[in-house]
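Look over the sequence and the fold below. The report that follows works from single residues out to the whole chain.

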Amino acid sequence: MSSYKIGLLFGFTIGLIVALIFAIKQKKRVEYDERQMSIRGRGYCYSFITMMVLGFTYAFIQEDVPLPVSPGLVIIIMLLLSGTVLNVYLIFHDAYWGYKYTNFVKYIFIFITLFLLNLFMTAKSVVDHKMFQNGILGLSEGLYPVLTVFFLLLTLNVLFKMFLDKNRKDD
C-alpha cells in the first residue's frame, strides 16, 4: 500500500473519530420530533435503495463496459451519490437538522470551505497534468473533483431550501 493511501486511510479514520465525538456531544442538543425521525428513516431507506441499485448496476457492467475511472473511485462515487440522495431528501423535508437548531450558517461555511479546498486540489491536479494516469481517472486524483461536486450539491441544496423557506414565510 502506498504512503498516499495510508495517509488517506489515516485521515479518513481521524475525521471519522472527530465526527463521532462531535455527534456524541451534540446528541444532547439535537432533538428530532416524531415526524423528523420518520422522515429520516425513510431517507435512509431511499439512500440504501440507491446504493443497492448503483451497486448491482456496477456489478453487471464492470466487465463489459470499460470505464475510464478506477474501481475504488466508482465505489466512492456510489457512496457519495447515496449520501446525496439522503441529504437532499432530509433537507427538503425539514429533517436535516433538529427542530431546535438554528445555526445553519456555521455548516454552510464548513460546506463552502470543503468545496473550495477540493476545488483548489482539482485545479492543481489539472494544471499539473496528473488528473488521468494512462487514460484512467485514479482514486488519488479523482477523489477531489468528486468531493467538489458533492459539497457543491450539498451547499446549493441547503441554500436553495433556505431561500424557499424565507420566501414561503413572507407570503
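## Ile 75 and its helix

Ile 75 has a relative accessible area of 36%, so it is partly exposed. Here buried means under 20% relative accessible area, exposed over 50%, and partly exposed in between (1.4 Å probe, protein chains only). Ile 75 sits in helix α3. The model is predicted: local features need pLDDT of at least 70, side-chain atom pairs count only at pLDDT 80 or more, and totals for chains, interfaces and linings use all residues. Residues are numbered from 1 along each chain as its sequence is written, and side-chain values use heavy atoms, with hydrogens and water left out.

Helix α3 covers residues 71-92, which makes 22 residues. Its first and last C-alpha atoms are 32 Å apart, close to the expected 32 Å. That expected span is 1.5 Å times one less than the number of residues. Helices (H or I, at least four residues) and strands (E, at least two) are DSSP runs, numbered from the N terminus. The buried residues of α3 include Leu 73, Val 74, Met 78, Leu 80, Ser 82 and Gly 83. Thr 84, Leu 86, Asn 87, Tyr 89, Leu 90 and Ile 91 of α3 are buried too.

## The cavity

How many cavities of 30 Å³ or more does a search of the whole structure find? The search finds one. A cavity is a set of points, on a 1 Å grid over the protein atoms alone, where a 1.4 Å probe fits but cannot get out; lining residues have an atom within 4 Å of a point. The largest cavity has a volume of about 40 Å³. Grid points are joined across faces, edges and corners, and the volume is the space filled by probe spheres set on the points.

The lining consists of Thr 84, Asn 87, Val 88, Ile 91, Phe 150, Leu 153, Leu 154 and Asn 157. Helices α3 and α5 (139-170) are the elements that give two or more residues to this lining. By class, five lining residues are nonpolar, three are polar and none is charged. Nonpolar here covers Ala, Val, Leu, Ile, Met, Phe, Trp, Tyr, Cys and Pro; charged covers Asp, Glu, Lys and Arg; the others, Gly among them, count as polar.

Helix α2 spans residues 34-61. Its 28 residues should span 40 Å at 1.5 Å a residue, and the end C-alpha atoms are 41 Å apart, which agrees. Buried in α2 are Gln 36, Ile 39, Arg 40, Gly 43, Ser 47, Thr 50 and Tyr 58. Helix α3 is part of what covers them.

Thr 50 shows two kinds of link. A polar atom of its side chain lies 2.8 Å from the backbone oxygen of Tyr 46. Leaving aside neighbours within four places in sequence, Thr 50 is in contact (heavy atoms within 4.5 Å) with Ser 82 and Val 85.

## Loops

Asp 33 is in the loop between α1 (3-26) and α2. It is partly exposed, at 26% relative accessibility. The side chain of Asp 33 reaches the backbone nitrogen of Gln 36 at 2.8 Å. Asp 33 and Gly 98 are 65 residues apart along the chain, yet their C-alpha atoms are separated by 7.7 Å. Ser 70 is in the loop between α2 and α3. At 12% relative accessibility, Ser 70 is buried. Not counting residues up to four places away in sequence, Ser 70 touches Ile 136, Leu 137, Gly 138 and Leu 139.

Asp 94 belongs to the loop between α3 and α4 (104-127), and is partly exposed at 38%. Phi of His 129 is also positive, near 55°. His 129 lies in the loop between α4 and β1 (132-133). With 70% relative accessibility, His 129 is exposed.

## The chain as a whole

The chain has five helices and two strands, in the order α-α-α-α-β-β-α. Its C-alpha atoms fill a box of roughly 55 × 35 × 35 Å along the principal axes. Of its 171 residues, 29% count as buried. Among contacts between residues at least 6 apart in sequence, 80% join residues at least 24 apart.

Terms used
1 Å grid on protein atoms, 1.4 Å probe; cavity = no way out; pocket = protein on both sides within 12 Å on 5 of 7 lines; lining within 4 Å. Polar contact = N/O pair within 3.5 Å; in protein donor to acceptor, adjacent residues only side chain to side chain.
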